[in-house]
Amino acid sequence: MRSHPLFAPEPRNAIEIGGEVRVGVYVCHCGGNISEVVDVEKVARAAGEEHDVVVARDYTHMCSDLGQRLIADDIKEHDLEAIVVAACSPQFQGGTFMRVLETSGLNPHVLEMANIREHCSWVHGDDPEAATAKAESLTKMAIGKARLDEPLEKRTMPIGKRALVIGGGIAGIQSALDLGDAGFHVHLVEKTASIGGKMAQLSRTFPTEDCSACILSPKMADVPANPNIDLMTYTEVEKIDGYLGAFEVTVVKRPRYVDPQKCSACGLCEDTCPVSVPDEYEVGLTSRKAIYVPFGFAVPNTNVIDESVCLRLTRGGDVCGLCMKACPQDAISFDDKPERETFTVDVIVVATGYETFDAAEKAVYGYGRFENVVTALQMERMIVHAAEGAPIRPIKGRVAFIQCVGSRDEQVGNEYCSRVCCMYASKLSQLLKRSDPSRDVYVFYTDLRAFGKGFEEYYKRAQEAGVKFVRGRPAEFTEDPVTKKVTIKVEDTLSRKLIESEFDLVVLSVGMVPNPGTAKIAEMLKLTESPDGFLQEAHPKFRPVDTLTEGVFLAGTVQGPKDIPDTVAQASAAAARAIRLMNQGEYALSPVVAFVREDACDGCGACVDACPAEAIRIEGKLASISESACTGCGACLASCPKDALDLKGYTNDQLEAEVEAALEDAEPGTVVLVFADDMTGYRLADNVGTSRLPYASDSRIIGVPSGSRVTPKLALRALALGAGGVLVADSEEKSTPYVGSTRAMRAHAAETKRILEEEGVDPERVRSVEFVTVMLAKFAGQIDEMCALVRSLGPIPQEKRDALKERADGAVLVDQK
Amino acid sequence: MAEKIAITSEGVALLDRITKLSGEKITMCDQCGTCTASCPMVAEMDVTPSQLMRMVQLGQNDVLDTKTMWLCASCFACTVRCPRGLDLSKVAEALRQITLRKAIDRIDVREIPEDDLDELPQIALVAALRKLTG
C-alpha cells in the first residue's frame with residue numbers, strides 16, 4: 001500500500017535524545033519511479049528513528065512546489081539545521097533543494113541527498129526488498145553526513161577588466177580586438193617585430209580565394225587604433241605568477257635600436273646597410289638588410305635592427321653606423337637596451353600559434369639539398385610575387401605537390417593530420433594552373449580531406465582546372481645534377497602502377513607543429529599538452545577554449561592545427577569566455593577547498609609537495625592553502641602525518657560517518673563501497689541508473705570530488721569497519737578537472753594495496769578504475785565483479801580488521817606524483 | 001569485367017593469423033604506397049607490397065600464391081619509411097611461414113641424380129624444394 005502523501009512520523013525532539021543537530025528527512029516517491037520499487041514509507045519511518053532526526057516525511061514529488069514548501073515550512077516550524085532529501089541524483093535536483101534551503105534562511109551546503117532513484121530503485125527493480133534495505137542504508141548514510149555538515153561560505157574573488165593576449169597572429173589579433181571593442185583593457189604581446197603572424201605570408205585563402213594580405217591588413221591596422229589595446233611587439237613574456245583576477249606578468253621588450261615614434265620607414269637606412277641576410281618573411285627566398293621593416297604592411301610599420309647580424313652591434317666600437325648617418329629623422333640609437341615591464345591582468349588568452357614542419361627533417365625529400373624542392377609556404381610567397389608582376393623565380397612546366405609532409409607520419413613522430421594542407425594544396429595548385437594552363441600540376445596525396453564549408457566544391461574546382469590528383473605517397477627523390485629537375489618515385493595506389501617522373505618544381509605540403517615558444521608559456525601557466533604536443537583544452541566538447549587553469553584560454557593553432565575561419569571563431573570564443581568571467585566584477589569559487597586544522601599542523605611541509613595544484617605553502621610554522629589555487633581534489637589529505645588537513649564538504653569525519661552508516665546493518669564483509677568522483681564516477685552511476693542497468697545491491701555509492709580524496713587511511717578504515725571491498729571510480733586523467741589528481745589517486749590505491757598485502761589481506765579488495773561517462777556496462781560490471789569477489793573471499797577476520805585499523809592511523813603518503 | 005573478390009570470415013581468420021605470426025597491425029596500413037615506391041625488388045613482383053598488404057587486410061587467400069613474399073629481401077627500405085611504422089618484411093615472412101608449414105615439396109629430392117646433388121648449392125635446393133623461387 002502506498003503511503004499517504006503527507007505521512008509524517010511524530011516529530012521527535014532531537015535535543016532530548018542527546019543530539020546536537022536538528023535534521024529533517026524527506027523521502028520522495030518520484031511519482032512512482034522510486035515508490036514502485038522502494039517502500040518509501042518504511043524508509044521514512046526508519047529515518048525517523050535515527051539519532052538527531054526531528055522530522056521525517058515521504059511525499060510524491062519533493063521537487064514540486066508543494067514538496068519544496070513542505071521542506072521550507074518544516075525548517076521554520078522545527079528549526080531544522082540540516083536537510084536530507086532521499087530522492088534522485090544531487091547532480092539532477094541538488095540545485096533546487098539548495099535554493100529551498102537558502103530562501104528558508106539555511107546555508108545551502110547543509111543539504112545532503114540520498115540518491116535512492118538512480119542508485120537504487122532504477123537499478124534494483126527486480127528485488128524490492130533489497131532495494132528498500134539499500135534505500136534505508138543510503139538515507140542513513142546521508143543523515144550521518146548531514147549531521148556533520150558545516151555551513152560553507154560563499155567564496156568570491158574580485159576580478160577586473162584587464163586581459164593579456166599572448167601572440168599577435170590572426171588568433172591573437174581577433175581576441176584582442178573583441179576584448180578591446182567590448183571595453184576591456186588588453187595587452188597584446190607579440191614576439192616578432194610586427195603582428196600578422198603566418199596569415200600575413202599567405203597568398204590567398206581557401207576556399208574563397210580572398211587575398212590574405214588584403215583582408216588581414218585592415219584588421220592589423222585596427223589594433224593600434226583601438227584605445228583599449230596596448231600593443232607590445234618585439235616583446236616576450238618572461239614570467240607569469242598569480243591566478244585568475246591577479247596574474248602578475250613580466251615582459252621584456254627587445255631593443256629595436258630605432259625609435260618607432262620618429263621612424264617613417266622611408267628606407268634610406270636600408271639602402272646603405274651593407275649586411276644582407278635571408279628574409280624570414282619571404283621564407284629565405286629573398287634577402288633583407290640588418291636594418292629592415294618586417295614586411296610591407298607591418299604593424300608597427302617601422303624599421304628594426306637585427307642585433308644578431310648588424311656590424312655595429314656585433315662588433316661594437318664605431319664600426320659601420322651607415323644607417324645612423326643616412327636617417328633623416330635621427331631615429332636610430334645603438335644604445336637601446338632591453339626593457340622589463342610588469343603589469344597585472346585578470347585573464348590570459350594564449351594564441352602562440354604554430355610553426356611549419358621543418359621539411360629538412362624528411363631528408364629523403366631533398367629539401368635544402370635540391371634547389372627545386374620548396375615548401376608550400378615558399379610557394380605562397382612565389383605566387384604573391386608572380387601576381388605582383390615581379391616573380392622571385394620562374395614557375396614553369398611540371399609541378400608536383402607532396403602531401404602529408406610532417407603530418408600523419410610516425411617516422412617523424414607526428415600522428416596527427418594538419419587539417420589545412422589538402423586545401424592549401426588544392427588552392428596553390430589551381431592558382432598555378434589557372435594563371436598558366438601550360439603548367440602540368442600534380443598533387444600526390446594519401447587521403448584527400450575536404451571537410452569544411454565549401455571545401456569539397458573547392459577541391460572540385462582544382463580538378464576542373466586540370467590539376468591531377470594522384471593517390472600515393474612518394475618515397476624517392478633524385479635530382480638531375482645538370483638540369484636540377486627532380487625525379488619522384490611513387491606508387492599510384494589506385495592503379496597499382498609505379499610512377500617515376502621528372503618535375504621542374506616539387507612543393508612540399510608541410511604540416512603544422514606546435515610553436516616551440518609555447519612550451520615556456522605552458523610551463524608558466526601550468527597548461528598541459530595533448531599527445532600531439534599542442535595545448536590541451538579543458539574539455540574537448542564543452543570547454544574547447546578553456547584550460548584547466550582558471551582564467552586562461554586558448555585561441556587558434558596553439559590548441560591544434562586549424563584553418564583561418566576556425567582560428568578566428570575560436571579566438572572570438574576565447575574572448576567571449578574571458579569576458580564572461582570579467583563582466584561579473586567577481587567570480588564564485590567552489591566552497592569545497594582543503595583547510596588546515598591549525599592546532600594539529602606542525603609545518604612539516606609534506607603537503608606542499610603532495611598538492612597537485614601547488615596551492616600549499618608553509619607560512620611561519622603552518623601550512624597555508626591558497627583558496628583560489630586549491631582545486632578541492634583532496635589529494636593532500638593523504639600526506640599529512642598529523643591529520644591536520646581536511647576538505648570542506650567532505651571532511652574525514654563526514655566520510656567516515658557515511659562509511660559507518662553504510663556498514664551498520666550489513667552482514668560484515670558483504671558491502672562494497674564505491675567512491676565515485678563528481679566529474680565521471682558519480683555521473684556514470686547516474687547514467688547506469690537512467691539506463692536501468694542492474695548491478696549488485698550490496699554496493700553503496702559515496703560521492704567524492706575526486707578519486708584522490710579516498711586516502712589510504714579512509715580505505716583501510718572502511719575495511720576495518722567491515723566493508724568487504726572498496727572501489728574507487730574516478731575520471732580518466734584527461735577528463736578530470738582536478739589537475740594531477742589521477743596520479744595521486746593511483747598512488748593512494750597502490751599504497752592501500754601494499755598495506756593490505758603486508759597484513760595478509762587480499763589486495764584486490766581495493767580497486768581503482770578510471771572511467772569515462774559512457775562506460776555504463778563496464779561500471780556495472782566492475783561493481784558486480786567486486787561484490788562477487790568479496791562474497792567469495794568472505795569477511796576479513798576480526799584480528800586482521802583490528803590490524804588494518806592500526807595501520808590506517810599510520811597510513812601517510814607523501815610521494816603522490 | 002571487373003573481377004569480384006569475396007570478403008568472408010575465412011578471410012578474417014587469415015588476416016588474424018598473419019597479424020599474429022607477423023606481430024604487425026596490418027589493419028593499420030593506410031595504403032599510401034610508400035613501401036612500393038621504396039622497394040628495390042618491385043619490378044620483379046607480381047603484386048606491389050602495398051597491394052600485398054591490401055590483400056591481407058581483406059583476407060584474400062590468393063595472396064599466398066603471389067611471388068612478392070618470396071622476392072622480399074628484408075632490406076627494410078619500406079620499414080624505415082612506413083608512415084604507420086609497419087614492418088612489411090615481417091608480413092612477408094609470415095606469409096612464407098604459412099606456405100612452408102604446408103610442407104608441400106615442389107620437387108622430389110630422391111629423383112635428383114647424385115652427381116647433381118653434389119654440385120648444387122644447398123640454398124638452391126631449399127629454394128627449389130618448398131619456396132618455389134628458383
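Predicted model: local features only at pLDDT ≥ 70, side-chain atom pairs only at ≥ 80, totals over all residues.

Reader: How many helices and strands does chain A have?

Author: Chain A has 22 helices and 38 strands. These are DSSP runs numbered from the N terminus, with helices being H or I of at least four residues and strands E of at least two.

Reader: And what are the dimensions of its box?

Author: Along the principal axes, the C-alpha atoms of chain A fill a box of roughly 100 × 65 × 55 Å.

Reader: What share of chain A counts as buried?

Author: Of its 817 residues, 53% count as buried. A residue is buried if 20 or more other C-beta atoms, placed from the backbone, lie within 10 Å of its own; it is exposed if there are 12 or fewer, and partly exposed in between.

Reader: Which domains make up chain A?

Author: There are domain 1 (1-154), domain 2 (162-253 + 346-353 + 515-582), domain 3 (268-337), domain 4 (355-513) and domain 5 (592-817). The bounds come from an automatic or database domain assignment.

Reader: How many residues are in contact between domain 1 and domain 5 of chain A?

Author: In chain A, 24 residues of domain 1 are in contact with 26 residues of domain 5. Contact here means that the C-beta atoms of two residues, placed from the backbone, lie within 7 Å. The centres of these two domains, taken over C-alpha atoms, are separated by 25 Å.

Reader: Which helix gives the most to the domain 1 side?

Author: H5(A) gives the most, with nine residues. Helix H4 (117-121) and H5 of chain A each supply at least two residues of that side. By type, the side of domain 1 that touches domain 5 divides into eight nonpolar, eight polar and eight charged residues. Ala, Val, Leu, Ile, Met, Phe, Trp, Tyr, Cys and Pro count as nonpolar, Asp, Glu, Lys and Arg as charged, and the others, Gly among them, as polar.

Reader: What does H5(A) meet in H1(A)?

Author: Thr132(A), Ala135(A), Glu136(A), Thr139(A) and Ile143(A) of H5(A) meet Lys42(A), Val43(A), Ala46(A) and Ala47(A) of H1(A). The residues of this contact divide into five nonpolar, two polar and two charged.

Reader: At what angle do they pack?

Author: Helix H1 (residues 40-48) and helix H5 (residues 128-146) of chain A pack at about 35°, with axes 9 Å apart. Axes are lines fitted to C-alpha atoms, for helices over the stretch in contact, and angles run from 0 to 180 degrees between N-to-C directions.

Reader: Let us turn to strands. In what order do S1 to S4 of chain A lie?

Author: The four strands form an open sheet in the order S2-S1-S3-S4, with parallel pairing. Strands pair if DSSP finds at least two bridges between them. The edge strands are S2 (53-59) and S4 (111-115) of chain A, each pairing on one side only. From one strand to the next, the twist averages 15°.

Reader: How many bridges join S3(A) to S4(A)?

Author: Five bridges join strand S3 (residues 82-87) of chain A to S4(A), and one pair of bridge partners is Val85(A) with Met113(A).

Reader: Which helices lie across these strands?

Author: H1(A) lies across S1 (23-28), S2 and S3 of chain A, at about 175° to S2(A). Helix H3 (residues 90-103) of chain A lies across S3 and S4, at about 150° to S4(A).

Reader: And what of chain B: how many helices and strands there?

Author: Chain B has eight helices and zero strands. Its C-alpha atoms fill a box of roughly 50 × 35 × 30 Å along the principal axes, and 31% of its 134 residues count as buried.

Reader: Which domains does it have?

Author: The assignment gives chain B domain 1 (9-102) and domain 2 (105-134). Their centres, taken over C-alpha atoms, lie 27 Å apart.

Terms used
Residues numbered from 1 in each chain as written. Chains lettered and ligands numbered in written order.
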